[in-house]
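Biologist: Could you take me through one part of this model up close? I'd like to look at the salt bridges.

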Amino acid sequence: MLLIDRSYFKYFLLFIPYLLSAVIYTQLSDAFANILLLGKLISFVIVAFLYLKKGTITSLDVAVFLYCVWWFASVIINRGSILEYVKEVVTILFYLFIIEESFFSNNNKYAIKSLSLIVGFELFVNFVLLIIFPEGLWSTTSNYDDVARYNFLGLDNQVTPILLLGVLLLGMGFVLNECRITLNEVFSGIIILGNVVLMQSGTAITAMIVVIAVLLLATRFKKVFNVKIAIYIAGAVLVGIVVFRIQNIFAFFIEGVLEKDLSLTNRVTIWDRAFEMIAAKPIVGYGIGTLDTVVVDRNAHNFFLQIILQSGVVGLTLYLNIFRVVLKKMFANMSNLYIVVAGSIIVGYIVCCITEVYAQGWLMLILSIAYSAYSFDMLPYGLGVGANSGKTSD
């Protein structure tokens, strides 16, 4: 049985220290954080060994390595924190290595199942504690007198990547079951929806609406719409809002549904300051970490602006190259429903990146799954096209 297979426990134990880092106790307890840090190092060494053992370098590996090297150069030039850089890069590489290793060794079902169990449990605990402690487990106040509410999985807006990962794993499980809805999937869906409703995060609400819309359109109207089109639209909207400030086009949603103002809770002012800083150091950036406070008392509140602040325009170009490599593989396998599910999550993530900055590890995990999903060795998904249909080699 899958649940007692040795490979299942291997991936479960390897993922645990990285996924547990999302919980609030890493910020409240140095002892807990240090234990997880040790666990991360052990897991990384094991996964790095397994990765090297497979003996294959993919185009995604090359793209990620190039980006990490340039970012390191920015850190050195700016005399930034090498330790903080290493911590973040180790997480990025861990997710890249473990997903690729699991797919190359045909153990992807164990890796995905382990991820599903851990993420599902974390979201369940977060949901229960949201009910018990609706005001959060801990809170702080910013210089703007905004109250930041922390739940089991941390700050409200920072939980969105975990929710998107949960939806991705839920969708892959649905495809695995030949598009039959099981009791487990119903329960998981309720937990994810419950988290979104109780957190009342505009970012999470927007992400879920976008993901559901893309999934429905890409499966029901696939002759005229697909995730490739959706990703291009999401990218255009991101540039349009951040650079050209076209958010008034979406006033009906921003003001009417989310009940936010068109400054996007002061994001516009933060972006203007970020652009001023970028103009001062456009090539190599400031050598900072992804979540570092650098624009007065905030980060850039836009993921891609933060990447430029972090490692300059060159760093952003190399990061976008990672996207290019992943999307090229996805677009060559559009008949695979796993790709449709992963692509929908990427669209939702890009939309969230308009107003938020997340730790890079979450996106790397999702991108690594999307890159490898074309070879997911499971059953046909019951819509007339097999899961491995259109499979290409790297």
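Modeller: Here is a walk through the salt bridges, pair by pair. Bear in mind that this is a predicted model, where local features need pLDDT of at least 70, side-chain atom pairs count only at pLDDT 80 or more, and totals for chains, interfaces and linings use all residues. Residues are numbered from 1 along each chain as its sequence is written, and side-chain values use heavy atoms, with hydrogens and water left out.

The structure has 5 salt bridges, the term meaning a side-chain nitrogen of Lys or Arg within 4 Å of a carboxyl oxygen of Asp or Glu. One of them joins Arg267 to Glu356, with the closest N and O atoms 2.4 Å apart. That pair ties together distant parts of the chain, 89 residues apart: Arg267 sits in helix α12 (residues 267–280), and Glu356 in the loop between α14 (337–352) and α15 (360–372). Helices here are DSSP runs (H or I, at least four residues), numbered from the N terminus. Both partners are tucked away: Arg267 is buried at 9% relative accessible area, and Glu356 is buried at 2%. Buried means under 20%, exposed over 50%, and partly exposed in between, using a 1.4 Å probe and protein chains only.

Now for Glu84 and Lys87, whose side chains meet in a salt bridge at 3.6 Å, N to O. These two share helix α5 (residues 82–104) and are 3 residues apart, about one turn of the helix. Glu84 is partly exposed, at 42%, and Lys87 is partly exposed too, at 36%.

Then there's Arg298, which pairs with Asp297 at 3.8 Å, N to O. Arg298 is buried, with a relative accessible area of 16%.
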